[in-house]
Amino acid sequence: MDYIKNLIAALFTGLAAYLSPLSGELSSLLAVFLLNFFVGLLAGLIINKESWSFKKAFRCILEATAFLLLICAIYYIGDHKGNPQGALQCVSFVTYSVFYFYGVNILRNLKNLFPDASLGYKVSAFLYYVASVEFVKKIPYLTAYLSNGKEAQ
């Protein structure tokens, strides 16, 4: 049994050492996914009067796992192609894209959580407006994608 524990510890330590250039990206993605999970959970329980759903929670965990694996795969492939800096740049692009879409979702849920006349509502509604409308105008590809998102898939 000790042999298996040591083997698992050695594998995990080696993997963590290999992915150490991604540590900031992975920890910040994890923070965004956790924030999205808890704000979505609060919005579901308070606003929509939903009960706890393992299916919905599991889907959120699967989405987070898929993005984390995508980040690791991009880095692995780029590193083995001999271009770790390009891989880190690609990882950074994917990470900021995830931040944008999950951030807009978090702001939308926060806006719905606050009463309409409260200061929290005004701040979150303004940030949601800026992120979902004004920010999109500055990024040509994002504007094109959001204007015909179904056709781009």
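V98 is buried, with a relative accessible area of 6%, where buried means under 20% relative accessible area, exposed over 50% and partly exposed in between, computed with a 1.4 Å probe on protein chains only. The model is a predicted one, in which local features need pLDDT of at least 70 and side-chain atom pairs count only at pLDDT 80 or more, while totals for chains, interfaces and linings use all residues. Residues are numbered from 1 along each chain as its sequence is written, and side-chain values use heavy atoms, with hydrogens and water left out.

V98 lies in helix α4, helices here being DSSP runs of H or I with at least four residues, and strands runs of E with at least two, numbered from the N terminus. Leaving aside neighbours within four places in sequence, V98 is in contact with L29, F33, F67 and G103, contact meaning heavy atoms within 4.5 Å. Although V98 and F33 are 65 residues apart along the chain, their C-alpha atoms are separated by 9.4 Å. T95 also has its place in helix α4, and this residue is buried, with a relative accessible area of 1%. When residues up to four places away in sequence are not counted, T95 touches E25, S28, L29 and I71.

In soluble globular proteins, nonpolar side chains tend to be buried together.

Helix α4 has 30 residues and reaches 42 Å from its first C-alpha to its last, close to the 44 Å expected at 1.5 Å a residue, the expected span being 1.5 Å times one less than the number of residues. Its buried residues are A87, V91, V94, T95, V98, Y100, Y102, V104, I106, L107, N109 and K111, and they pack against α2, α3, α5 and α6 (140-147).

Helix α4 (residues 84-113) and helix α5 (residues 119-137) pack at an angle of about 150°, with their axes 8 Å apart; axes are lines fitted to C-alpha atoms, for helices over the stretch in contact, and angles run from 0 to 180 degrees between N-to-C directions. On the α4 side the contact is made by Y100, V104, L107, R108, L110 and K111, and on the α5 side by Y121, S124, A125, L127, Y128, A131, S132, F135 and V136. By class, this contact has 11 nonpolar, 2 polar and 2 charged residues, with Ala, Val, Leu, Ile, Met, Phe, Trp, Tyr, Cys and Pro counted as nonpolar, Asp, Glu, Lys and Arg as charged, and the others, Gly among them, as polar.

Helix α2 has 24 residues that should span 34 Å at 1.5 Å a residue, which agrees with the 34 Å between its end C-alpha atoms. In α2, L29, V32, F33, N36, F37, V39, A43 and G44 are buried, and the buried residues of this helix pack against α3 and α4. I46, also in helix α2, counts as partly exposed at 45% relative accessibility; I46 and L113 are 67 residues apart in sequence and 7.4 Å apart in space, C-alpha to C-alpha. In the loop between α2 and α3 one finds S53, which is partly exposed, with a relative accessible area of 29%, and whose C-alpha atom is separated by 9.4 Å from that of L41, 12 residues apart along the chain.

Helix α1 (residues 2-18) has 17 residues and reaches 24 Å from its first C-alpha to its last, close to the 24 Å expected at 1.5 Å a residue. Of the 17 residues of α1, the number buried is 0, so this helix lies largely in the open.
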